[in-house]
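Hi everyone, thanks for coming.

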Amino acid sequence: MKKRIYIYLFFATLILVLFGLVMIYSSSYIWAEYKFNDPYKYVKQQGLFIIIGTFLMIVMSKIDYHIYQKKSWPIFIVCLILLVLVLIPGVGSVRNGSRSWFGIGSFGIQPSEFAKLGLIILTSKYLTNSNKFIKDIRKGVIPILLILLLVFGLIMLQPDFGTGMIIVVSIIAMLYVAGVNMKFFVGLGVIGVIGIVVLILIAPYRMDRITSFLNPWNDPLGTGFQIIQSLYAIGPGGLLGMGFLNSRQKHFYLPEPQTDFIFSIISEEFGIVGILIVSGLFIFILYCGIKTALNCKDSFGKYLAFGMIFQILIQTVMNLMVVVGLIPVTGVTLWLYTKLHSNFPLKIKGFRRFGM
């Protein structure tokens, strides 16, 4: 069963990666040829990242994940340092209004992506060591929430509200799995809503996104432009779509068609069938991740697997909800992070939320 899960997970990931590469070409070749005189510009970049990612996947599959548990604090501190460095003018690069990138030539690296994984590793270790205190809010929950607040605050200074929310919801989901009292989540939810309202009110561009979300036609050429063009892409797709390479919205209508809104182009070219296939692959990957977590022998491995799979789920759902207009535009891309681990134990058949 263990080997079968990994094989299924590998091939589902491979299909998504290759299909993503094809769709990056389809959604970007017009813009890439216009801007760089090279229709394969973005495909080459993505291909390089696929090679690097494959190499790292192979290397990491040979590493005992308990090393991450032992080195969780150094990993997290490095992530914090990167989050601070990116805020320094001249060190971090500003893209789309956020100072959240390290520019390396034509490439960019977001330290917040490392922080996502670093915080999950640290939280997994914390929950493993503090399992007997986890139902005590003051001793078991507040310490990790303070660390979460620190990371969220640094990311909001960039600012990057979408990534910040992904990290917050992922860690809250891990606390839920660990068995934190449900009443705590109700109170935390109220505080969270108040905090979100405050963050929206103090940043005019966020209020513009809320306004355009409620009625994008109030400003169809401004704040509502992106979601309107996304819906124009999804609408004509029908059952089978308009055909590969036949999207109209990628002709300088839909902003960010190869990143944030690539799902709109998939919908336009492959219709409902394409939507179901892509969504089905993500659901299957999530199933494999949950299965891995449920069958893991030790608590750290369980929390680590759950945290990673929650992060994939939350980011995927947020992107799809943005694309179809269910939530305001957040700048969250449709991405996939999967770690195949040859040493991941798969023997436990059951799972209880409390006392995992």
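Angles run from 0 to 180 degrees between N-to-C directions, and axes are lines fitted to C-alpha atoms, for helices over the stretch in contact. Helices here are DSSP runs (H or I, at least four residues), numbered from the N terminus.

Please keep in mind that this is a predicted model, where local features need pLDDT of at least 70 and side-chain atom pairs count only at pLDDT 80 or more, while totals for chains, interfaces and linings use all residues. Residues are numbered from 1 along each chain as its sequence is written, and side-chain values use heavy atoms, with hydrogens and water left out.

Let's start with helix α4 (residues 72-85) and α6: their axes come within 9 Å and cross at roughly 25 degrees. These two helices are therefore roughly parallel to each other. Which residues of α4 and α6 make the contact? From α4 they are W73, F76, L80, L83 and V84, and from α6 I147, L150, V151, L154 and I155; contact means heavy atoms within 4.5 Å. By class, that is ten nonpolar, no polar and no charged residues. For the classes, Ala, Val, Leu, Ile, Met, Phe, Trp, Tyr, Cys and Pro count as nonpolar, Asp, Glu, Lys and Arg as charged, and the others, Gly among them, as polar.

Next, helix α11 (residues 262-294) packs with helix α12 (residues 299-323) at an angle of about 165 degrees, with axes 9 Å apart. That makes α11 roughly antiparallel to α12. Among the residues that meet are F282, I285 and L286 in α11 and F306, I309 and L313 in α12. This contact divides into 14 nonpolar, four polar and one charged.

α11 has another partner: the axes of helix α10 (residues 225-234) and α11 come within 7 Å and cross at roughly 25 degrees. Here S230, A233 and I234 of α10 touch S264, S267 and E268 of α11.

Finally, which helix gives the largest share of the lining of the second largest pocket? It is α8, with ten residues. The whole lining has 21 residues, with L148, V168, L188, I191 and G192 nearest the pocket's centre. By class, the lining of this pocket has 18 nonpolar, three polar and no charged residues. A pocket, on a 1 Å grid over the protein atoms alone, is an open set of points where a 1.4 Å probe fits, with protein on both sides within 12 Å along at least five of seven lines; lining residues have an atom within 4 Å of a point.

Key
Angles under 35 degrees count as roughly parallel, over 145 as roughly antiparallel, 65 to 115 as roughly perpendicular and the rest as oblique.
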